[in-house]
Amino acid sequence: MKVVDARVIVTGPGANFVTLKVETDEGIHGVGDATLVGRELAVATYLSEYVVPMLTGRDAFAIEDTWQLLGRGSYWRRGPVQTTAQSAVDMALWDIKGKALGVPVYELLGGRSRKGLMCYSHAHGDTIEDAVEMLHTKLEAGYRAVRLQCGIPGLRTVYGVERDLSEQPGTPHERPYSESWDTEAYLRIAPMLFEAAREAVGGEVHLLHDVHHRLTPIEAARLGRDLEPYRLFWMEDAVQADIQTAFRTVRQHTTTPLAVGEVINHLSECEVLIREQLIDYIRVAAVHCGGITGLRKIAAFAEPYQVRTGCHGAADMSPITLAAALHFGISAHNVGIQERALHTPQTDEVFPHAYTFSDGLLDPGEAPGLGVDIDEALAAGYEYRRSYLPVARLRDGTMTNW
Ligand code: CS2
Ligand code: MG
């Protein structure tokens with residue numbers, strides 16, 4: 001089966017998404033997510049200018065060789081633009097192979113390892129009370145694991161607290177908008193949030209927390225210790241992910257489990273974290289780490305070190321990425337949990353999918369391939385609009401990590 005055509009589709013149903021659609025000479029097509037949030041058109045151009053011409057005429061079943069061609073063969077290796085483009089091709093080829101053989105992709109990856117994949121949802125609020133109230137709502141909706149964030153008194157905006165975008169002047173995302181940050185205030189509030197949450201919902205629920213790269217190693221070590229009484233499932237991105245050895249300090253001081261990886265694109269960027277067992281969960285997403293093939297390679301490396309996956313699943317990656325994560329997650333052994341942020345109804349309509357949620361678990365469904373597609377006619381009705389992620393500054397105006 002040969003690839004005869006590949007097209008990049010850019011659409012904005014609730015958020016911007018870049019999709020690669022690969023067509024074959026047997027009339028079967030596959031889809032891959034190529035969404036790099038805040039830099040979408042860089043990947044769209046990389047794909048249409050450089051990758052698509054390399055695909056036409058290739059054997060659609062040669063998934064590994066195509067992965068190597070796009071990774072090794074680009075000379076300028078790694079980097080999120082390259083790996084996101086490579087990921088989209090990889091997902092589309094797995095989708096094609098599953099459809100051609102009439103099986104869901106997870107059957108090609110070794111079959112089911114579990115009945116369903118535990119996922120976590122998000123709860124947040126301006127105050128601790130609001131966040132705990134939302135936690136109750138999520139538990140009522142069936143989730144067994146919830147990430148919890150709350151606002152910090154005195155700060156105008158805080159990561160993890162959703163705000164009505166109309167509150168921002170003008171069209172908020174056309175320029176990178178600024179959030180403020182105060183480490184000391186945060187370090188005081190975060191343990192209070194989890195104390196209140198445990199009091200409200202007891203010990204059985206899995207509670208997670210995302211620090212979003214904001215702390216130094218010693219600050220993160222202190223927070224990890226302060227959170228120990230509340231038995232978190234994990235503390236995520238406690239320090240910036242690109243200094244792997246920074247996690248040694250955090251690890252030495254706390255038994256709070258550590259997760260990292262949503263901005264990691266390649267095994268070389270987490271090799272020390274895994275080999276030295278500095279983390280418990282690796283959070284790479286299929287859309288940035290080389291698709292299902294890249295995710296499998298990283299997970300296979302992590303397995304003997306007892307590091308499990310907890311793939312990034314924010315709503316700014318398309319349902320194609322979630323489907324890919326679920327086929328991987330239902331089949332691989334060392335899988336811990338899957339993040340699941342709800343897509344907007346418009347996004348769900350543009351990307352019809354077979355995956356389902358029930359009783360805290362996600363399931364990829366039994367449709368051949370990835371079980372997700374793009375409705376091109378609907379997609380054409382939603383325009384792409386340039387949109388930046390925020391930046392963060394300390395109270396005195398100094399730039400910090402968002
Ligand atoms: C977050 C994301 O899901 C997460 O854990 O860190 O919301 C992340 O900030 C966004 O995906 C960035 O686009
Ligand atoms: Mg995160």
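Reader: How much space lies in the second largest cavity?

Author: About 60 Å³ of space lies there, in the second largest cavity. This is a predicted model. The general idea is simple. Rolling a probe the size of a water molecule over the atoms shows where empty space is left. Here the count comes to 3 cavities of 30 Å³ or more.

Reader: Which residues line the second largest cavity?

Author: Among them are His312, Gly313, Ala314, Met317 and Ser318. The lining also includes Gln338, Arg340, Ala341 and His343. By class, the lining has 4 nonpolar, 6 polar and 1 charged residues.

Reader: Now the pockets. What volume does the second largest pocket have?

Author: Its volume is about 340 Å³. The second largest pocket has 17 lining residues. Nearest its centre lie Trp67, Gln68, Gly71, Gln86 and His266.

Reader: How does the lining of the second largest pocket divide by residue class?

Author: It divides into 4 nonpolar, 9 polar and 4 charged residues.

Reader: Which domains does that lining draw on?

Author: Domain 1 (3-107) and domain 2 (111-368) each give at least three residues to the lining of the second largest pocket.

Reader: Next, the metal. Which residues are the protein donors of the magnesium ion (ligand 2)?

Author: Ideal angles at a metal are 109.5 degrees for four tetrahedral donors, and 90 or 180 degrees for six octahedral ones. In this model the protein donors of the magnesium ion (ligand 2) are Asp210 (OD), Glu236 (OE) and Glu262 (OE). They lie 1.9 to 2.2 Å from the ion. Water is not among the atoms, so the site may look incomplete.

Reader: How are these donor residues spaced in sequence?

Author: The pattern is D-x25-E-x25-E. Glutamate 236 sits in strand 8 (residues 234-236), and glutamate 262 in the loop between strand 9 (258-260) and helix 9 (271-275). They are 26 residues apart, and the pair links distant parts of the chain.

Reader: Is glutamate 236 buried or exposed? And glutamate 262, buried or exposed?

Author: Use the cut-off: buried means under 20% relative accessible area. Glutamate 236 has 0%, so it is buried. Glutamate 262 has 12% relative accessibility, so it counts as buried.

Reader: Backbone angles next. Where is histidine 212 found, and what is its phi?

Author: Histidine 212 is in the loop between strand 7 (206-210) and helix 7 (217-227). Its phi is near 55°, a positive value in a residue other than glycine. Histidine 212 is buried because its relative accessible area is 4%.

Reader: What about the phi of histidine 213?

Author: Histidine 213 has a positive phi of about 65°, although it is not a glycine. Histidine 213 is found in the loop between strand 7 and helix 7. At 8% relative accessibility, histidine 213 counts as buried.

Reader: Last, a strand. Why is strand 3 (residues 29-33) described as largely enclosed?

Author: Count its buried residues. 5 of the 5 are buried, so strand 3 is largely enclosed by the rest of the structure. His29, Val31 and Asp33 point one way, while Gly30 and Gly32 point the other way.

Reader: How does strand 2 (residues 17-24) pair with strand 3?

Author: The two pair in the antiparallel sense over 5 bridges. Valine 31 in strand 3 is the bridge partner of lysine 21. Their hairpin has 4 residues between the strands, and there glycine 27 takes a positive phi near 80°.

Conventions
Residues are numbered from 1 along each chain as its sequence is written. Chains are lettered from A and ligands numbered from 1 in the order in which they are written. This is a predicted model: local features need pLDDT of at least 70, side-chain atom pairs count only at pLDDT 80 or more; totals for chains, interfaces and linings use all residues. Side-chain values use heavy atoms; hydrogens and water are left out. On a 1 Å grid over the protein atoms alone, a cavity is a set of points where a 1.4 Å probe fits but cannot get out, and a pocket is an open set with protein on both sides within 12 Å along at least five of seven lines; lining residues have an atom within 4 Å of a point. Grid points are joined across faces, edges and corners, and a volume is the space filled by probe spheres set on the points. Ala, Val, Leu, Ile, Met, Phe, Trp, Tyr, Cys and Pro count as nonpolar, Asp, Glu, Lys and Arg as charged, and the others, Gly among them, as polar. Domain bounds come from an automatic or database domain assignment. Buried means under 20% relative accessible area, exposed over 50%, partly exposed in between (1.4 Å probe, protein chains only). Two strands pair if DSSP finds at least two bridges between them. Donors are N, O and S atoms within 2.8 Å of the metal (3.2 Å for Na, K and Ca); water is not among the atoms, so sites may look incomplete.
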